[in-house]
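Me: I'd like to go through this model with you, one topic at a time. Could you start with a residue and how far it is shielded?

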Amino acid sequence: MARPGHARNPPALEEDEDEDPVDAMIGRTGCLAQHRALQDCMAERQDWRHCQAQLRAFGECMARRQRPRQP
């Protein structure tokens, strides 16, 4: 017989915890709109080669966030 407490279901997720961790991380960069546009294009076109403008915009946004800030 299993010990008590070992067969419990994990606690139910609250609404705030339903957010995708990748979306949350990208949201903190300020590039979430570009990321979502890229995701939408990929879902619609099913070929990243047709989404070059969105890919470039997302890459440029992320690159701006990764550059060290000048004093």
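Reply: Asp47 has a relative accessible area of 16% and is therefore buried, where buried means under 20% relative accessible area, exposed over 50% and partly exposed in between (1.4 Å probe, protein chains only). This is a predicted model, in which local features need pLDDT of at least 70 and side-chain atom pairs count only at pLDDT 80 or more, while totals for chains, interfaces and linings use all residues. Residues are numbered from 1 along each chain as its sequence is written, and side-chain values use heavy atoms, with hydrogens and water left out.

Me: Which residue forms a salt bridge with Asp47?

Reply: Arg49 does, with the closest N and O atoms 2.8 Å apart; a salt bridge here is a side-chain nitrogen of Lys or Arg within 4 Å of a carboxyl oxygen of Asp or Glu. Arg49 itself is exposed, at a relative accessible area of 57%.

Me: And how many salt bridges are there in the whole structure?

Reply: The search finds two. Asp23 and Arg36 also meet through their side chains in a salt bridge, at 3.7 Å from N to O. Asp23 lies in helix 1 (residues 21-29) and Arg36 in helix 2, so the pair ties together parts that are 13 residues apart in sequence; helices are DSSP runs (H or I, at least four residues), numbered from the N terminus.

Me: Are those two buried or exposed?

Reply: Asp23 counts as buried at 11% relative accessibility, whereas Arg36, at 39%, counts as partly exposed.

Notes: Helices (H or I, at least four residues) and strands (E, at least two) are DSSP runs, numbered from the N terminus.
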